[in-house]
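Student: I have a model open and want to go through it with you. Can we start with the salt bridges and then move on?

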Amino acid sequence: MKVLLASAFGPYGVDDEYGQASCRMELFHNQVTREQGVFSIRMFHPSFGLHFLAENISPPTTVLDFPSEARFVEELRNGYDVVGISFIVPNFLRAKRMGELVRHHAPHAKIVLGGHGTPVPEVEEIPNDGVCKGEGVRWLRTFLGEDPERPIRHPILSDSFGGRILGVPVVDRAGHITPGLGCPNACFFCLTSSFFDHKYIPYLATGKEMFDVCVAIENALGFRKFYVMDENFLAHPERAYELADLMEKHGKNYRFSVFSSAENITRVGVDFLVRLGVISLWFGVESKIETFTKNRGVDFASLVRDLRNRGILVLTSGILFLDQHDRQNLWDDIRFMVGLEPDLMQFMQLGPAPFTPIYRRYKASGRIMENAPYAGWHGQGQIWFRHPEFSPEESERLLIEAFRYDYDTFGPSLIRMCDTIVRGYQNLNGSANGFIARRRESLRRRAVKFRPFLAAARYHAHNPAARELVERVTAEYRDAFGSMTVRELALSQVVRAYAAREARRVASGRNVYQPHTIVTRYRM
Ligand code: B12
Ligand code: SF4
C-alpha cells in the first residue's frame with residue numbers, strides 16, 4: 001500500500017482556466033504587503049496539513065507540494081493505492097482536474113479529498129472515494145483501517161522557504177508548530193472555526209508537549225524560532241504559561257510568531273508575551289462598526305503601541321464590505337484600522353464560505369451570486385455576494401485603495417518592522433531579568449540583520465511619508481548601534497543592487513513568484 005498526498009497544482013496567481021491572478025501562493029504579497037511594490041515581503045509556506053497526515057499514517061507516503069499538472073501525472077506513474085488531494089475553495093477546479101487525472105492515469109487508486117474546500121456543495125463532482133470535512137489524521141487513519149486514536153506525532157518541519165526582501169533571497173526560516181486546529185469563538189464569517197465545528201482540536205495540549213516539539217525541531221533542524229499555526233494560541237493560557245516556565249528552567253531562548261484574538265492577548269498581558277518570546281503577533285481588529293465579543297473593551301491603539309514598544313511585530317487584519325458598510329463608514333473603518341499603525345495590515349473582503357453562518361444566511365436570502373466561479377472566492381479580488389452598497393468591481397477597487405492608503409500613509413511595512421525592533425531593543429534596556437536581557441540581545445541581532453535593508457530603502461521610498469520614516473528609523477539605529485560598519489555598508493550596496501533589479505521586475509508587471517515543487521518521502 002502506497003499513499004500520495006498532493007496540494008492543488010500550480011501555477012498560482014495567474015489568470016488561467018483554473019485560477020485568478022489575484023489569488024497568489026504568497027502570504028504577505030497576497031493579502032498584506034501586496035500594494036507595497038518593491039517592499040512587498042515574499043515567502044512561501046509548505047502545506048502543513050499534508051505533512052501532519054503523512055507523519056501519522058503507516059504506509060509509505062509521498063507528499064507532493066506545489067506540483068505542476070504534468071509533475072502530478074508523472075508522480076501518479078509511481079503506482080499509488082491512495083491519492084489524497086488537499087484544496088481550498090478557490091482551488092476547486094484544480095482539485096476536480098486532479099481527481100480526473102487520477103482516474104485516468106491510476107484507475108485503481110482510491111481518491112480522498114480534504115481541506116477547507118470540501119464544504120462546497122459540488123464536492124461530489126470531484127471523483128472521490130472519501131471526503132474528509134474536518135480534522136484529517138483520525139479520518140485518514142480510519143479510511144486506511146488503522147487505529148484512529150493512537151497518539152499523534154508532530155512533524156518536524158520548517159515554516160517557509162523562498163523568502164525575499166527587496167529582491168534579496170533571505171534565509172529567515174523558523175520551525176513550524178501546529179498546537180491545534182479550530183477556534184470555539186465562532187465569529188460569523190470564520191471558516192476555520194466552522195470547519196472544525198466551532199471546537200478546538202488540540203495536537204499539543206500542554207506546555208510540556210509543545211516544549212518537547214520545540215526541542216525536537218531545534219535538535220533536528222537547528223531552529224529556535226517557531227511559526228505557531230494555531231488560530232487562537234493564547235486562548236489556552238495555561239499551555240503558554242507552562243511553556244514559558246519550561247523555557248526559563250532549561251535556558252531556552254525560543255521565539256514565537258503567533259495568532260491570537262485580542263481578548264486573550266490582553267488577558268495574558270504584554271509583559272508575559274515578552275517573557276514567552278513572542279516576536280510577532282497577528283490579531284483581528286476586523287472593524288470598529290461590528291462588535292465582536294473577542295474585541296469588546298479592547299483599546300487597540302494602546303495595545304498596538306505597547307506591543308511595538310516592546311519589540312513585538314504587529315499584524316492586524318480588517319474585513320471590508322460588512323453589511324453595515326456604506327461609502328462613508330467603510331473609509332472611517334479603513335482610516336481607523338490604518339491609524340492604529342501596526343507593522344503590517346491585512347485587508348480581506350468579507351467572504352461567505354460554505355459551512356459558515358454568514359454563508360447560510362446569505363444563501364437563504366439569495367445574496368450569493370450563483371454564477372460567481374469558485375476561483376474567485378478568495379477575498380482579494382471581487383466579492384461574490386450582493387452587497388447593498390458595493391458592486392463586485394467596486395469591491396476590488398476599494399480593497400486596493402485601502403492597501404495603498406496604508407502604504408502611502410505610514411510607509412513600507414519592512415521599515416515599520418525595523419522601527420519596532422529597534423524600539424523594543426531600546427525599551428528592554430536595563431531589565432534586571434537575565435532572560436529578558438537575552439530577548440533584548442536577539443532583538444539586537446535581528447536589527448543588525450535588517451540594517452543593510454534599511455540603508456538601501458531610502459532609494460525606493462515612494463513618497464514624503466516613506467522617506468521621513470526611513471530617515472527617522474535610520475537615526476534610531478544610529479542612536480542605538482552607532483554608525484554602520486564597513487561590512488554593513490558593503491552589504492547595503494549588495495541589497496541596493498538586488499532592489500534595483502526587483503524594482504524593474506515589479507514595474508514590468510511580472511510581480512508573482514511561484515513556489516518550487518517539493519517532494520517529501522515518508523517511510524519510502
Ligand atoms: C497556511 C495557510 C496558507 C498558506 C498556504 C500554504 C500551502 N502550502 O497551502 C498561504 C499563506 C500561502 C495561504 C494562501 C492562501 N490561503 Co490560506 N491558509 C493557511 C492557514 C492559515 C493555515 C492552514 C494550515 O496549514 N493549517 C494547519 C494544518 C495542520 O491544518 P489543515 O491545513 O486544516 O489540514 C488539516 C485538515 O484540514 C485535513 N486536511 C487538509 N488537507 C487534507 C487532505 C486530505 C486528503 C485529507 C484526508 C485531510 C486533509 O487534515 C489536516 C490535519 O488535520 C489557513 C487557516 C487555518 N488556520 O487553517 C488558511 C486558509 C486555508 N487559507 C485560505 C485562503 C482563502 C487562502 C488564499 C486564497 C488567500 C487568502 N485570500 O486568504 C491563498 C490561496 C493560495 C492559493 N493560490 O492556493 C482560507 C481557505 C478558505 C476557503 N474558502 O477555502 C483559509 C481557511 C483561511 C480562512 N479562514 O479564510 N494560506
Ligand atoms: S477569534 Fe479568530 S479564529 Fe476564532 S472564530 Fe473569531 S475570527 Fe475565527
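Student: Is Glu 26 buried or exposed?

Tutor: This is a predicted model. In it, Glu 26 is buried, with a relative accessible area of 1%.

Student: Which residue does Glu 26 form a salt bridge with?

Tutor: Arg 42, with the closest N and O atoms 2.9 Å apart. Glu 26 lies in the loop between β1 and α1 and Arg 42 in strand β2, so the pair ties together parts that are 16 residues apart in sequence. Arg 42 is buried too, at a relative accessible area of 2%.

Student: And Asp 343, what does its side chain meet in a salt bridge?

Tutor: Arg 308, at 3.3 Å from N to O. This pair links distant parts of the chain, with Asp 343 in the loop between α12 and β16 and Arg 308 in helix α11, 35 residues apart. Asp 343 counts as buried at 0% relative accessibility, and Arg 308 at 3%.

Student: Which residues are linked with them in a network of salt bridges?

Tutor: Asp 419, Arg 423, Arg 472 and Glu 476 are linked with Arg 308 and Asp 343 in that network.

Student: How many salt bridges does the structure hold?

Tutor: It holds 41.

Student: New topic. What surrounds ligand 2?

Tutor: The residues around ligand 2 include Cys 183, Cys 187, Cys 190, Glu 231 and Lys 294. By class, the shell has five nonpolar, three polar and two charged residues.

Student: Last one: which residues make the nonpolar surface patch?

Tutor: Leu 491, Val 494 and Tyr 498, over about 220 Å². Leu 491 is in helix α18 and is partly exposed, at 34% relative accessible area.

Notes. Residues numbered from 1 in each chain as written. Chains lettered and ligands numbered in written order. Predicted model: local features only at pLDDT ≥ 70, side-chain atom pairs only at ≥ 80, totals over all residues. Heavy atoms only, no water. Near = heavy atom within 4 Å. Nonpolar A, V, L, I, M, F, W, Y, C, P; charged D, E, K, R; others polar. Patch = residues over 30% accessible without salt bridge, like charges linked within 9 Å, V, L, I, M, F, W, Y side chains within 5 Å. Areas by Shrake-Rupley, 256 points an atom, 1.4 Å probe, with all protein chains shown as cover. Salt bridge = Lys/Arg side-chain N within 4 Å of Asp/Glu carboxyl O. Helix = DSSP H or I, 4+ residues; strand = E, 2+ residues; numbered from the N terminus. Buried < 20%, exposed > 50% of the residue type's maximum accessible area, 1.4 Å probe, protein only.
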